[in-house]
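Work through the exercises below with the sequence and the 3D structure at hand, and try each task before reading its solution.

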Amino acid sequence: MDGLQSPHNHLTKERILDSGRDLTLKWVKIQLTHYVDDLENRLFALAERAGNNDTQSRYFQARDEIKHHQHILQQSYLKHINQAFDNYRANQPTTTNFTLDPLQQLHQSYIPQTEEDLSLIDNNKLEEKLAIGSMSRKISAERSELLYALNQRLSVLRGGTKINEQDNPVAPGVFGEALQVASADLTLDSRAKLVIYKIFESAFMAKLFKLYGLLNHHCESNGVLPNLSYQIKKNLSEKLSELLPEELQAQLSEASIANQVQLFNAIRLLQSRLQPQTALPRPAGAVATPVTQIIAGIQPLQNQAGALLSSLDTPQSIARSDIANLLQQAEQQVHKAENVDADVVEIVGLLFEYMLNDQQLPDSIKALLSYLHTPILKIALLDKDFFNHPAHPARQLLNSLVASGEHWGEPANKYKSEIFLQIKNVVQRLLKEFDSDIRLFSELAFDFNNYLRQHSRRIRLTEKRSMQAVKGQNTLKEIRLKVDGYLKQKIGQIHLPTTIHTLLFEPWANFLSFHLLRFGSRSEQWKQAAQVVDDILWFCQPHNVETDSHARQRIKELQQALPVTLQAGFDTVGYDSNQGKRLLEALQQRQKTAASSAAPSSTTLQPVSANIDAVEISKPATAATKNDKLLMKLKQLQPGTWFEFNADSNNPQRVKLAWSNTDTLHFMFVNRIGQQVVVKSGEQLATDMRSGEVKIIPTPAQRPFFEKAMERVLEQMKQREKTDVD
């Protein structure tokens, strides 16, 4: 019976599935009730601790909303779980593939019609996707064995068709998306929504292993693969690497891993050659000090480092802290032990020495990471794989910590940035909790890489929006320049009073720009707005109304139509009503003056024919740009180039070139979290660079910390060998 043993004594597949569904719904209903109760209590506590009335009101409103709609929320939630089982039976996906980038997930479910729609993708929806994806991947990794077994058994129950988590009716993503569906109709702001997801992860998702255990036992006891044995093919290092953001993906390239192995082998070879040949032999009968005893000897120093770090609150105080004494004591304590691997101790010391000299790493983060010396020394002594395997979780964690500081750390150290706080939390946990169980490094590496992935996505989204805003402003500026050029062509030789010139080049130019940007030059809206320019220019000139009946009739029509049309345009662009009224009065007065001049119609000048699409806007002088080598260099810069502003001061700021317009020579810079800092003209940027106020700096390296550090260690040892030979 395809994986069912003793079919006469066990339930059929359908009955096993039905009872499994009932078991799941019963378990979910109980846990959901506990979750809602916990959520209400947590929201009440958050409201009580709120720093202002608005925040307090938000949490109280969220609590009331959930309390009043608890029954509807529960029914909607259970309906989604039921649907997941129906989809499973129908060979359809049960949940989103959360291995995809959340932006890709959004694009799969939301197809934008225009570029403007694309830029307005609901940020709340993205944040919810990020939250669901984060908790789903975490549970999948932590409970991979239980899910693997359940997938195999569900495959049997569905006729042998292989399934993965996207087909599993109780995959972590199913429960996360059920919450999204159930809470969709609740009147909650984005911050309250994120709170309910955060609490959901700890109060509900973290308990899923119990459900998976129940379902596996249910299947096993009913003859579905009762003797299942399996191995998880995907190891932890692969899972950790999948969580790395795009900026850090190169850290686990095959070339980098191979190079690290070669570097370490070369270092150990050099160490063996550099060892003193006259070392005293070990006394006969002497017993080597157990590693556990060595670890116990330096544990108090780790505790002291933890206590010292806990007492320091600001980046400045950490940067000034003197931990060198504790590091030295740890190495001295290790060297006292018999038969200790002195080479390992030396390499760990040189790694941290390299870190403290890293120019791309802010001082506060250098100091913060130096507190990890003792935990890293302990794991290097405990686990030989630490140096032999580049994908070791402790190495991956240290690589990620250093890389995050290089990419997103703030060099000024004036405030506790989000990255700084995350790194400090990891360091403090290692100092407090690490004894000899390396699984703590795996857990922290998973959580930190997962955080970096989300952090990186938020930054990219912020940067994209900053770039779109500047592009929009730049486009509007170019359109306004085109409209100004168009108006100048239309006026030609016609002499206009100041008020009429103001009318055309201020409110009506804004109205023309609005229609050109929104509807385009071939639209009826643009043609009608452009016709008003012709009407104004004709209206303000003298006409022989006594002999020209057509002119007399047109003036009469314009006297009635122009004020109405112009006022509607003023309202559209938000022009000051009092100023608009004065301009309309000036227009009528101008017409009266023109009429009283009784000039012959032959002196009337016609507006010049002009095509808005043919109007060229002024650009920086091409010859001057070509003769300026620095400006030519700036034109060739690619987005992603890093600069340092205020480079000649004690408060430098690192910024990234996010966008440039090589026609108008304007450059937009963002900070390390994607927020716009400034838009500079090419001339201003070149001037600042020549004065030393601004300089280009190297882009943070894509290679992992360990690879760069071991290259430096190898160089130092080669230099030492050369010195010894000389």
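Helices, that is DSSP runs of H or I with at least four residues, and strands, runs of E with at least two, are numbered from the N terminus. The model is a predicted one.

**Exercise 1.** Find the place of asparagine 91 and describe its phi.

Solution. Begin with the position: asparagine 91 lies in the loop between α3 (70-89) and α4 (102-109). Next, look at the backbone, where asparagine 91 has a positive phi of about 60° although it is not a glycine. As a background for this step, most residues other than glycine have a negative phi.

**Exercise 2.** Is asparagine 646 buried, partly exposed or exposed?

Solution. First locate asparagine 646, which is found in the loop between β1 (642-645) and β2 (653-661). Its phi is near 55°, a positive value in a residue other than glycine. Buried means under 20% relative accessible area and exposed means over 50%, so asparagine 646, at 30% relative accessibility, counts as partly exposed.

**Exercise 3.** Describe how helix α1 (residues 13-48) and helix α9 (residues 190-203) cross, and which residues meet.

Solution. Start with the axes of α1 and α9, which come within 10 Å and cross at roughly 130°. Because of this angle, α1 is oblique to α9. The crossing of the two helices is right-handed. Then turn to the contact itself, in which Tyr35, Asp38, Leu39, Arg42, Leu43 and Leu46 of α1 meet Val195, Ile196, Ile199, Phe200, Ser202 and Ala203 of α9. Sorted by kind, the residues of this contact comprise nine nonpolar, one polar and two charged.

Terms used:
Residues are numbered from 1 along each chain as its sequence is written. This is a predicted model: local features need pLDDT of at least 70, side-chain atom pairs count only at pLDDT 80 or more; totals for chains, interfaces and linings use all residues. Side-chain values use heavy atoms; hydrogens and water are left out. Axes are lines fitted to C-alpha atoms, for helices over the stretch in contact, and angles run from 0 to 180 degrees between N-to-C directions. Angles under 35 degrees count as roughly parallel, over 145 as roughly antiparallel, 65 to 115 as roughly perpendicular and the rest as oblique. A crossing is left-handed if the near helix is turned anticlockwise from the far one by less than a right angle, and right-handed if clockwise. Contact means heavy atoms within 4.5 Å. Ala, Val, Leu, Ile, Met, Phe, Trp, Tyr, Cys and Pro count as nonpolar, Asp, Glu, Lys and Arg as charged, and the others, Gly among them, as polar. Buried means under 20% relative accessible area, exposed over 50%, partly exposed in between (1.4 Å probe, protein chains only).
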